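Here is my note on the model, point by point. Please read it with the structure open.

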Amino acid sequence: MPDAPLFDALLVENVHADAENALQAYGPVSVRRIDGSPERATLEREAASANVLGIRSRTQVDKALLESASALRAVGCFCIGTNQVDLAETARRGIPVFNAPFANTRSVAELTMASVIMLMRRIPEKMTAIREGGWLKTAAGANEVRKKKLGIVGYGNIGAQLSVIASALGMHVYFYDIEPKLAHGNARPVESLDELLALSDVVTLHVPSTPRTQGMMTRERIEQMKPGSYLINQARGDLVDIDALADALESGHLAGAAVDVFPVEPKSKDEAFESPLTRFSNVILTPHIGGSTLEAQAAIGADAGHKLSRFLYEGATVHSVNFPEIEPGPLQPGRTRLLAPHMNAPGFLRRLNDRAERAGANVAAQFLQTKGELGYAIADLEGELPADFLDTIEAIEGAIWARLINGPEA
């Protein structure tokens, strides 16, 4: 285990316990916890001394918080999205942000498949009726999913996993993606979104929120869907025109829908949820729980925690969402690793090497990557370093911060 200082991590929003072991996979880390989403004043006070901040989806990491957290070196989003973090500001301050984009794949795929079955069997309507004293014991409008056509928009990890499950149940699976993707099982790609909408009995969305996808399911596209079909959105809340979806349900053009994500969501359990979809008995509404299984949360804790630990004790930034990606590998015995994020400008690496040479150090290995205005340099050094070495590195024009990782004894 590297002989390094003890880092301090603050975890909020009930991050899974598996994150603690993962955070210490490469070296000791002191972990503090705050249950739930803390009040802003509490968060700023507790984050002031933290080297690592671990959050989920509710905690906002903005410029004001970053200014109060002067010791912060990394942010871990123990979830899928990173919209709650100011990625530009964290990059400017040399703070890499990590998430766990694939850890909930199976959980979301299972919820989607369950929604497909429930909708096609008209379970939401029958549940509503029976709670009101009714007894809709009828096969009218209820169907098996076997031989039905499932249209998947976005054939990434979740879409591909879903296609395997649906194929196993006998569905005919089609998908549309803006990039060529290798089909799984009996899934078949289609040439356009319009084609997918027109042929599918069920359309399900599995794309990120980008300028290209925001509002993609417009009124016109919903109208292009097959009459009597179903729409499922368990991806991002800004993909669907909710009012247009409500109108399509009202008119009967769509037979039902399942929605787990919304344009506006309550910030806490005490805030009321409002949506024009709540009046429909043929709609499954869930409170953004696609990845809310014990298995997914454990996997997210392990994934994001492991990435943070590797950054703290190796300087690795692979899979960071806002930072140049470097995989430096383990530090060799007898060496000291220098980490130096900096503004991307000509000459920084030359000046860094000059400082190392003046300090009497040999550069045994070196890495440099840039991303936009940010650069990230790593140098593995041999030789004794003077006490003021980090000061000389941070004094280089464009340097953001610098720190050293000591390797194992030779």
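How exposed is Arg32, by relative accessible area? Arg32 is partly exposed, with a relative accessible area of 22%. Here buried means under 20% relative accessible area, exposed over 50%, and partly exposed in between (1.4 Å probe, protein chains only).

1. Basis. This is a predicted model, in which local features need pLDDT of at least 70 and side-chain atom pairs count only at pLDDT 80 or more, while totals for chains, interfaces and linings use all residues. Residues are numbered from 1 along each chain as its sequence is written, and side-chain values use heavy atoms, leaving out hydrogens and water.

2. Overall build. The C-alpha trace spans about 85 × 45 × 35 Å along its principal axes. The chain has 13 helices and 16 strands (DSSP runs numbered from the N terminus: H or I of at least four residues, E of at least two). Of its 410 residues, 47% are buried.

3. Domains. An automatic or database assignment sets the bounds. Domain 1 is 1-99 + 294-321, domain 2 is 104-285 and domain 3 is 332-409. The C-alpha centres of domain 1 and domain 2 lie 33 Å apart.

4. Interface of domains 1 and 2. In contact (heavy atoms within 4.5 Å) are 5 residues of domain 1 and 6 residues of domain 2. The buried area is about 440 Å², with 49% from carbon and sulfur atoms; this is the accessible area (1.4 Å probe) that the two parts lose on being put together, summed over both. In domain 1, Arg58, Ile80 and Ala296 lose the most area to domain 2, together 72% of what that side buries.

5. Asp8 and Arg32. The structure holds 22 salt bridges (a side-chain nitrogen of Lys or Arg within 4 Å of a carboxyl oxygen of Asp or Glu). In one of them, the closest N and O atoms of Asp8 and Arg32 are 2.7 Å apart. Asp8 sits in strand β1 (residues 7-12) and Arg32 in strand β2 (residues 29-34), 24 residues apart. Asp8 is buried, at 14% relative accessible area.

6. Helix α12. Asp354 forms a salt bridge with Arg358, the closest N and O atoms being 2.9 Å apart. Both residues lie in α12 (residues 348-358), 4 residues apart, about one turn of the helix. An α-helix has 3.6 residues a turn, so residues three or four places apart point the same way. Asp354 is partly exposed at 26% relative accessibility, and Arg358 is exposed at 67%.

7. Helix α6. Pro124, Glu125, Lys126 and Ala129 are buried in α6 (residues 123-131). Their cover includes α5 (105-120) and β12 (283-285). Just after α6, Gly133 takes a positive phi of about 90 degrees.
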